[in-house]
Amino acid sequence: MQAFRYESSPDPIRPDLAEAYRGAWEHIASPGTWLDGATRVAVADATRRARDCALCQRRREALSLVAVKGEHDGAGALAPPLLDAIHRITTNAARLGEPWLRGLFEQGLTAEEYVEALGVAVQTLSIDRFHHALGLPPEPLPEPRPGTPSRVRPEGLVEGEAWVPLQDARRFASELGLPVGRAPYVIRALSLVPDEVRAWQRLSAVQYLAPAQMLRFGASGARALDRSQIELMAGRVSALNECFY
Amino acid sequence: MLRASIQSKGAEADLRGISKGAKAGDAGIAHGEKLARFAEAAVSGDPAELATARDALRDAAGSPALVDAAAVVGNFERMVRIADGTGIPLDGVVEALSGDFREELGLEGYASRRLLGTGAIARALAPLLRGAFRFGLGLAGRRAGSR
């Protein structure tokens, strides 16, 4: 059966949103660059379970994360460092730090796997939060597709600007066809795995704005909200998440 | 981006809706209070608060606006985690343009604060840059309005 049908939604859902969400589910279920389809769907599942994880709940309430030990709910489906990454990103992102991430890398998680899993987790989360906001049940996760990851590492990576390697700003802007000469950090953040950048951009184009519209500050596309209303929502959600960026 | 979108209409930006949310009222934005309350309930409210906020926004602005608002919530729940999960700093231009309101909004106290450190010259030129940016936005807004 087709996913994201929204027949029971009291509020009509724009067809471009449903189509983009179906595309995201297809992307999540398919073999990625470093993770196979089964692992990617397991990452999506872990993202959903993190909200109810008892360890994450205790850590959210603790003054110091170091003092709270234990095991995340759902242990076993993913390697421990990958599971910890997904749960922390989902439930306590504002308190992440480079030493924590270096610790996960020392446990065997690679930067490439981390970036890809982060991409899968945040796509899942953004669709789930849309459903939650509208009072709709979460969409069942897709069945993993068979196949092997492509394992292609991009050239022109820059170290030291962030916690993970990034593609060069000019090169990546050109690769994505951006209307600016240098890709901003937020677009380069997942550029170690470019397919994950393209995937979140497809979602962003329907949930927020297409890249070409972002720098036209009076533009809101064909949305029912005007640009100021959109940016108020954007700023408030970022502030509630204590996101400096 | 909120400030730029308001200034492009030639109006004064009131950013309290970001830091104080629904408590700031509409803050010069149509349905601003209801939008902020919906954002707050969707991110951290209980089911009853969310249902109330959703109904209020739908009644005031309509179903299409509610769906768009939910989509923006989803979008920024994703984007904040991409930024926080990779440790990216603010871009230099954004750092210069936002210097005057970061403290006002309480952003400087966030654990996720990461700046490039644009240097003394950039800090000195920042007010000029902000003025030029504002002039450009106003010009673009007037041109768009005259079409």
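This is a predicted model: local features need pLDDT of at least 70, side-chain atom pairs count only at pLDDT 80 or more; totals for chains, interfaces and linings use all residues.
Where in chain B is B:A27 placed? B:A27 sits in the loop that runs between α2 (16-19) and α3 (32-44) of chain B.

**Figure 1. Chain A as a whole.** Start with the overview before zooming in. Chain A holds 11 helices and two strands. Going along the sequence, the order reads α-α-α-α-α-α-β-β-α-α-α-α-α. The C-alpha trace covers about 45 × 45 × 40 Å along its principal axes. The radius of gyration of chain A is 18 Å, in agreement with the value near 18 Å that a compact globule of 245 residues would have. Of those 245 residues, 58% count as buried. Take the contacts in chain A with a separation of 6 or more, and 59% of them come from residues 24 or more positions apart.

**Figure 2. Helices α6 and α9 of chain A, packed together.** Two packed helices are described by the angle between their axes and the distance between the axes. Here, helix α6 (residues 111-133) of chain A meets helix α9 (residues 194-207) of chain A at an angle of about 20°, and the axes are 9 Å apart. That angle makes α6(A) roughly parallel to α9(A). As for handedness, α6(A) and α9(A) cross in a left-handed way. On the α6(A) side, look for A:E116, A:G119, A:V120, A:Q123, A:S126, A:I127 and A:F130. Facing them from α9(A) are A:E196, A:A199, A:W200, A:L203 and A:Q207. Sorted by class, this contact has six nonpolar, four polar and two charged residues.

Figure 3. Helix α3 (residues 54-61) of chain A packs on helix α4 (residues 80-91) of chain A at about 50°, with 10 Å between the axes. So α3(A) and α4(A) are oblique to each other. This crossing is right-handed. From α3(A) come A:C56, A:R59 and A:R60, while α4(A) supplies A:D84, A:H87, A:R88 and A:T91. The tally for this contact is one nonpolar, two polar and four charged residues.

**Figure 4. Helices α4 and α5 of chain B.** Over in chain B, helix α4 (residues 47-61) and helix α5 (residues 63-86) cross at roughly 130°, and their axes come within 7 Å. That leaves α4(B) and α5(B) oblique to each other. By class, five of the contact residues are nonpolar, one is polar and two are charged.

**Figure 5. Two residues with positive phi, one in each chain.** Most residues other than glycine have a negative phi. A:F4 is not a glycine, yet its phi is positive, at about 55°. You'll find A:F4 in the segment before α1 (15-29) of chain A. A:F4 is buried, with a relative accessible area of 1%. In chain B, the residue to look at is B:A27, again not a glycine, with a positive phi near 50°. Back in the loop between α2 (16-19) and α3 (32-44) of chain B, B:A27 counts as buried at 10% relative accessibility.

**Figure 6. A:L101 and its neighbours.** A:L101 belongs to helix α5 (residues 98-106) of chain A. With 1% relative accessibility, A:L101 counts as buried. Leaving out residues up to four places away in sequence, A:L101 touches A:Y114, A:W163 and A:V164, plus B:G85 from chain B. For a sense of scale, the C-alpha atoms of A:L101 and A:L55 are 18 Å apart, with 46 residues of separation along the chain.

**Figure 7. A:Q229 reaching chain B.** Which residues does A:Q229 touch, not counting residues up to four places away in sequence? The list is A:A224 in chain A, and B:I29, B:A30, B:H31 and B:L35 in chain B. A:Q229 itself lies in helix α11 (residues 227-240) of chain A. The residue is buried too, at a relative accessible area of 6%.

Notes. Residues are numbered from 1 along each chain as its sequence is written. Chains are lettered from A and ligands numbered from 1 in the order in which they are written. Side-chain values use heavy atoms; hydrogens and water are left out. Axes are lines fitted to C-alpha atoms, for helices over the stretch in contact, and angles run from 0 to 180 degrees between N-to-C directions. Helices (H or I, at least four residues) and strands (E, at least two) are DSSP runs, numbered from the N terminus. Angles under 35 degrees count as roughly parallel, over 145 as roughly antiparallel, 65 to 115 as roughly perpendicular and the rest as oblique. A crossing is left-handed if the near helix is turned anticlockwise from the far one by less than a right angle, and right-handed if clockwise. Contact means heavy atoms within 4.5 Å. Ala, Val, Leu, Ile, Met, Phe, Trp, Tyr, Cys and Pro count as nonpolar, Asp, Glu, Lys and Arg as charged, and the others, Gly among them, as polar. The radius of gyration is taken over C-alpha atoms; the globule rule is 2.2 Å times the number of residues to the power 0.38. Buried means under 20% relative accessible area, exposed over 50%, partly exposed in between (1.4 Å probe, protein chains only).
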